[in-house]
Amino acid sequence: MSPQFLYTIEVMLNGLMAGVMYSLVALGFVLIFKASGIFNYAQGVMALFAAMTLVGIQNGQVPFAHLVNAVFGTNIHGFGWNLPALFAIILTLGVMILFAILVERLILKHLVNQEPIILFMATIGLAFFMEGFGDLMWGSDIKVLDVGIPSGGSLWLEDKTIGWAAEGSNYYGMYIDKLDIVATLVALLLVITLTLFSQYTKTGRALRAVADDHQAALSVGISLRRIWVIVWAISGFVALVAGIMWGAKSGVQFSLSLIALKALPVLILGGFTSIPGAIIGGLIIGVGEKLFEFTIGPLIGGATENWFAYVLALLFLVFRPQGLFGEKIIERV
Amino acid sequence: MFYRQAGDFKTTYRGDIQTFPLRQDRIAYYLMLAFAFLVVPFVINDYWASAVLIPFLILAIASLGLNILTGYCGLVSLGTGGFMAVGAYACYKLMTAFPDLNMMIVVLLAGFITAAVGLLFGIPSLRIKGFYLAVATLAAQFFLVWLFNKVPWFYNYSASGQINAPERTMLGFEVTGANAEPAVSYLFCLTILTVLALIARNLTRGRIGRSWMAIRDMDIAAEIIGVNPLKTKLSAFAVSSFYIGVAGALFFSVYLGAVEVGEVFGINQSFLILFMIIIGGLGSIFGSFAGAAFMVLMPVLLKNIMVGGLGWPTDIAAHIEFMVVGGLIVIFLIVEPHGLAQLWRVAKEKLLLWPFPH
Amino acid sequence: MKKLKATLLAIAVGGAGVLMSAPATADLVFPSLSYRTGPYAVNGIPYADGYADYMTLVNERDGGVGGVKARILECETGYNTQKGVECYESTKGEGALVYHPLSTGITYQLIPKATADGIPIHSMGYGRTSAANGTVFSHIFNYPANYWNGASHAVNHILSENDGDIKGKKIALVYHNSAYGKEPIRTLEELSAKHGYDLTLIPVDHPGQEQKSQWLQIRRERPDYVVMWGWGVMNQVAIQEAANIRFPMENFIGVWWSGSENDVIPAGAKANGYKALTFHQVGTEYAVFEDLKKYVVDAGKAAGNGDQVGTVLYNRGLYAGFLTVEAVKKAQEIHGTADITSEMMRDGMEALEITSDIMASAGMSAFGPEFNVSCDNHGGPGLGAVQQWDANAGTWKLISEFEPSDMDVISALITEDSDAFAGENNIEARKCG
């Protein structure tokens, strides 16, 4: 096989993996949009907040240490413990559930039946608040996230594939990051769990009922407010997973909240209401933008990925205005 | 009691359809104008101009523009930053290509160029709706920023890729550049804003505005009663982009003086303008002003209270500022989902009835 | 700082009055346009702490500069140009002596404004490179080194590793796709013509969390060296990805804004051997740090959390403080008054001479290069060094002396760009000497 062909395959495979990483973020959006029709702008900040909380708990940081020190003139920084990763994740999950309850109590409850754009705006307010709150609580320095996920190129794959290219050509084997493989497995697990949960549990069915029709769900005795708390808690969990995966790459810092922008084209492509759509949309965007950067990018100066993802999504939209897997928009007069 | 509609009789059609039919509104409006034009320029200083007033005026133009598109025509756009960049770069190219051109003409031309670009990116709106459209306009946002960053022609092949506003005059006064008097820049922006706001107000009251609102409320129904969706949606995109382009041109030339496209006209700018119109009130001219004032003044005010007044460390103040702005947005929405404009309407109603509740 | 409790009342009294700035007092005012929030807070915090701590030290130890106390006016910009303008306008009325904008974007905006207001700007290692031409940019200084010097330092380092012959070697530039990241391209292209290496340009779009394409490209093309102009999250991801594709770290050289502890720590042990440029020393092995501990940190007067002392960016802030104070001393000497104005400060900066004696007397012996500033050269000689990361010890170490850059190439570029600026803005070049 020619190296050029192998490179193309490599780019596609890595595109698929990158797509999974985007999907992880997009999933959280879809869950909330499905259950409550809210486009949750704060999803990115939630990922950041979850990751910060995880690292903070794991390393025994004192919340609000900087504020407390400034007010009372003390000098406290840490509890001085180091918790095992799993335990810290569970504690973080608790924090995210608490967060979901607070969001429902303080915001959603008061905004029932408002137009989507108002709810969208409310999540923007929430995002602002969380940005300030998260930094105040855990500090804005960069934090190293270590929950034992392997990273680095897979040597096994490189050894296996190095002989594929023709003799004498400069080929070094195929490259896939172990972190991406883990992310793919986690995403797979997450989607399976979510599907099983929504198909076979009582709460899951209630969730789907709410997604189908709020009023019908209410009339058969499903508590909307409870469902919202559950949905926000689940998407808090998804945000935590996304935060861990992205945070392992770059350390936990403010920029983590910007991953939401990478999820938006995935959302439009896959449709706001479909979980498989989020995954497949992610894969298409991932492969599409990487291939474009690989083939056309060098001709027009590179760094095309940001806008190409949106243009790709736009092209799909022109033919399917509701996204690939979105529910058909039926309009009546 | 303090505000009355009764007893304000009209005897001519002209009187009945004027911009402010109520005498009290009219007086208030003229007083405001007189204050803004005749008093403020004499007391303004560098700080008030650069930190508060000029950004407020310019962003008010942008939020007027976005409100026309989103508030009146119901098309959500997140490409505002990109369109402002078009205005800014058009302005820069015109300023450097024709050094003797009057600044007012430059700004207006920049607006027209942006309108043309806006038309182009408005085409998908004929098929795509709601949040899908919002995210589709992001394609325009990212593509335009990338383009201005990548093609050296746009920044005149300068080594750094930034654009700098050279000194240009109008009626003999320097409007742009570092030596411009704050009062002159302020008046320049204020004049443009006043004219554009009047035009917007009248556009939205007229036939074209009504067709926008018909499309917003239900596009299929509107089509059935004979509103052409193609013409209506594209005209909304064109008018709105014109406003945004003018705002972008002013933002670059009068306010900042130097621009790096990814930083100044990035996605944050798009979101900021969207926040303004939602907080201010969708589909309201007054709302555009109120929203711009809120988003410009609030952070400055909070910062000055916390850092200047109370002497807190700047980072804690900045974090709390974020929390307060976010919290206020949520509280406003809970109290009054339709924005500051609706609050103002409710307040007027209260004034009308006071002191008797019914 | 402890006024928090007592002052809740003042919020109520607040109102429009506080929009105006407080009255000026007779001391040396140094505004610090810092960013402790936002995407670049990680880099902004240590720098701002270092700058503020040096001024506190000067006040506590020496009783100010020439008997006049220094006052830091910190203003949060969040790396946002709009807030930067607001900060500039709100602080300039208090008698600001010199601005360190700490952001290339804000620097560009302030260049015409500050020149008109007669306040000098010191953009140390960032900002507009051609501002080194003092005849066009009368109030802008960018000593001791600028980006184009940096590009040349990187190439010089590669030259020295290859005994002066890099013909046919492949060098890739991974850069932040913004004005900042594009700065070194021209210089690297000119140098490539001179030394015969192949240059590949690889842009990374903001913010740079996803760089798979770029590093796959590097893996395919196997450049001999990678030079990086990165900022923010892009640095951490790039170093991580470079480690992942097992690019030899000692052939990976970042600019000085890609070479702090924050950038290498997330990659862990794999970042060992990564190199970065610098124009000042690293570590805490200097007398000044004992003073800092005694007068500032232990006295509870440290800025921020006080936990950044000795990091690369903290040292840079400290160095900025040191250069500023020395310029004040020079200005006081020239004009014979302790209470200087911003125009006098400008004269002081223009006549600045940093000798080894001056550095030694400040407890910073050989902390930076020796250099002079002059009327037509606001950039100094452009000396720089290379530092390397030791992941096991968790420290940076300088592996070269402060060495000159290829000024033949750079001077021509500076003249060209500053002339273009002068032409566009009708600036008449000053006569020097």
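Predicted model: local features only at pLDDT ≥ 70, side-chain atom pairs only at ≥ 80, totals over all residues.
**Exercise 1. Describe the domains of chain C and the contact between them.**

Step 1. According to the domain assignment, domain 1 of chain C consists of 25-145 + 283-381 + 413-424, and domain 2 of 147-278.

Step 2. Taken over C-alpha atoms, the centres of domain 1 of chain C and domain 2 of chain C are separated by 28 Å.

Step 3. Domain 1 of chain C contributes 12 residues to the contact, and domain 2 of chain C contributes 18 residues.

Step 4. On the side of domain 1 of chain C that touches domain 2 of chain C, H2 and helix H11 (312-335) of chain C each supply at least two residues. By class, the residues of this side are 7 nonpolar, 5 polar and no charged.

**Exercise 2. Characterise the side of chain C that touches chain A: which elements supply it, and what is its make-up by class?**

Step 1. Count the residues in contact, with C-beta atoms within 7 Å as the cut-off. The contact involves 37 residues from chain C and 36 residues from chain A.

Step 2. Four elements of chain C each supply at least two residues of this side: helix H2 (41-62), strand E6 (198-204), helix H7 (212-221) and helix H8 (233-244). H8(C) provides the largest share, 6 residues.

Step 3. Sorted by class, the side of chain C that touches chain A holds 17 nonpolar, 11 polar and 9 charged residues.

Step 4. Relate this to Exercise 2. H2 of chain C supplies at least two residues of the side that touches chain A, and H2 of chain C also supplies at least two residues of the side of domain 1 that touches domain 2.

**Exercise 3. Repeat the analysis for the side of chain B that touches chain C.**

Step 1. Chain B gives 40 residues to the contact and chain C gives 46 residues.

Step 2. The elements of chain B with two or more residues on this side are helix H3 (46-72), helix H11 (261-264), helix H13 (285-309) and helix H14 (314-335). H13(B) gives the most, with 6 residues.

Step 3. The class count for the side of chain B that touches chain C is 17 nonpolar, 18 polar and 5 charged residues.

Terms used. Residues numbered from 1 in each chain as written. Chains lettered and ligands numbered in written order. Contact = placed C-beta atoms within 7 Å. Nonpolar A, V, L, I, M, F, W, Y, C, P; charged D, E, K, R; others polar. Domains from an automatic or database assignment.
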